[in-house]
Amino acid sequence: MAKNMRMDKNAMPEQPAEVRNKNFLEVALGYTAEQAMDEARRCLSCRNRPCVSGCPVGVDIPGFIAKVAEGDFAGAYEVLSRDTSLPAICGRVCPQETQCEEKCVRALKGESVGIGRLERFVADWKMAQGEEAVRPPVPNGHRVAVIGSGPSGLACAGDLAKKGYEVTIFEALHAAGGVLVYGIPEFRLPKEIVRREIAGLEKLGVKIDTNVVVGKTISVRELMQEEGFEAVFIGSGAGLPKFMHIPGENLKGVFSANEFLTRTNLMRAYELGCPTPVMKAQRVAVVGGGNVAMDAARCAKRLGAKEVYIVYRRSEKELPARAEEVHHAKEEGIIFKLLNNPVRILGDGNFNVIGIECLEMTLGEPDESGRRRPVEKPGSEFVIDVDCVIMAIGTSPNPLIKSTTDGLETASWGGIIADEATGATSIPGVYAGGDAVTGAATVILAMGAGKTAAASIDQYLQGK
Ligand SMILES: Cc1cc2nc3c(=O)[nH]c(=O)nc-3n(C[C@H](O)[C@H](O)[C@H](O)COP(=O)(O)OP(=O)(O)OC[C@H]3O[C@@H](n4cnc5c(N)ncnc54)[C@H](O)[C@@H]3O)c2cc1C
């Protein structure tokens, strides 16, 4: 089959920026079958497969793309689903530009193959074929508890259920999905997609028990000693927001991005008539430069803010958010205040936010993270007039499970210590993975950790 040697990717059809910044519908609309096949023919099927080495879970990328090029979408899905259990999600939110696509040889001269866009196409094609009847696996008599229903917990539960384990997921919130439902907005990841993935697990026999806070409702020890679970996977994420500890952070109108996004997404505050309160401010400053900051800024804009600022202390090059999210945010009118660091939030006599005072920064020598250290420019203070400030400067694991589980070793920063190759923790039969172990990372890494732990739990219980 003739290769397509065009230098650029097939563009992704999307809603126009001036329309989408007023609605919560998905921004990117997905390839047609013709666009997908044309894009797939840009893959050179390199013998040494560099893209696969860039994928944290080693998806057979050239294998599934070759099937797309032939128009065999069912075959493409089969190849994909050998290594990933969440392709419709990963195709939408994975940072491909720093993983598989970064390694693509087509990127040496021109743009890489649109691997993420093709993954999304194949997964969406499969979903459009309708739901398949699933035959629940034969039970093997072993019971496993999974704590948390984010990508790590879902992947772990799915792999174990397919092997016949009786799996129950315990989730603190009233809905399953973790960050996929409470953090990432509808316009980037429609919740119907997450719902379908979860429904697929339920068909395999996975039980989901929501509103159960492990560490309060029940402990890890009780799950094992009283409830009869022979192994536990902890995939409780890193949902505890960090603050800057600057004056004014307790004013009315200051939020953590987690709270703001949970109200907006999971509790659907953006829908007309929804009873969930959320601040619909006119001028909003979002502090931070990652995906969470971009999501918060773009939600604030969609909720009606006239001006939304991203305040970030380094330069554009160091922004940790996915390039596509930065690009979309700019198109939607988000104003980037780069090399600026907040020092104080200003309030009026009624304790309402009226502004955020920042200092200009320059970049010095690289710090321990390898990024150039921001250095303050003395006397450069200035104020941005805002009535809402959203802090998106990172999160850490909630200490609840650690503090209620004797013998569970954790690092000084709060992450659970688990063996990278197996997910095993310091307690026999207790495994962990995802953000709870690594700190805030990515969906694909969390999913990979869940799959690794599932394989280890299987070995542990079969050897028992
Ligand atoms: C706003 C936002 C945008 C993001 N965008 C991207 C992106 O574009 N691409 C990307 O790859 N990654 C992105 N990430 C990161 C990614 O979502 C996470 O790395 C991933 O979800 C981690 O998965 P997890 O399963 O470890 O944890 P989570 O998804 O955090 O799920 C943990 C679950 O455990 C539950 N839980 C916690 N404690 C308990 C308890 N004691 N008992 C019971 N349940 C508990 C929580 O309620 C939650 O549902 C984003 C994160 C955020 C917050």
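Colleague: How many of the 12 residues of α14 are buried?
Modeller: This is a predicted model, in which local features need pLDDT of at least 70, side-chain atom pairs count only at pLDDT 80 or more, and totals for chains, interfaces and linings use all residues. Helices (H or I, at least four residues) and strands (E, at least two) are DSSP runs numbered from the N terminus, and buried means under 20% relative accessible area, exposed over 50% and partly exposed in between, with a 1.4 Å probe and protein chains only. The helix α14 is largely enclosed by the rest of the structure, because the number of its residues that are buried is 10.

Colleague: What distance separates the end C-alpha atoms of α14?
Modeller: Residues are numbered from 1 along each chain as its sequence is written, and side-chain values use heavy atoms, with hydrogens and water left out. The expected span of a helix is 1.5 Å times one less than its number of residues. For the 12 residues of α14 this gives 16 Å, and the end C-alpha atoms agree, being apart by 16 Å.

Colleague: Which residue has a backbone N or O atom 2.6 Å from a nitrogen atom of the ligand?
Modeller: A polar contact is a pair of N or O atoms within 3.5 Å. An oxygen atom of the ligand lies 2.8 Å from a polar side-chain atom of S152, and an oxygen atom of the ligand is 3.3 Å from a polar backbone atom of T442. The backbone atom 2.6 Å from a ligand nitrogen belongs to V93.

Colleague: Are the rings of F24 and Y270 stacked or edge-to-face?
Modeller: Rings of Phe, Tyr and Trp (its six-membered ring) pair if their centres lie within 6.5 Å; planes under 30 degrees apart count as stacked, over 60 as edge-to-face and the rest as tilted. The structure holds 6 aromatic pairs. With centres 4.0 Å apart and planes at 10 degrees, the rings of F24 and Y270 are therefore stacked.

Colleague: How far apart in sequence are the parts tied together by F24 and Y270?
Modeller: F24 lies in the loop between α1 (17-20) and α2 (33-40). Y270 lies in the loop between α13 (257-266) and β7 (283-287), so the pair ties together parts whose separation in sequence is 246 residues.

Note on methods:
A polar contact is a pair of N or O atoms within 3.5 Å; within protein, one must be able to donate a hydrogen and the other to accept it, and residues adjacent in sequence count only if both atoms are side-chain atoms.
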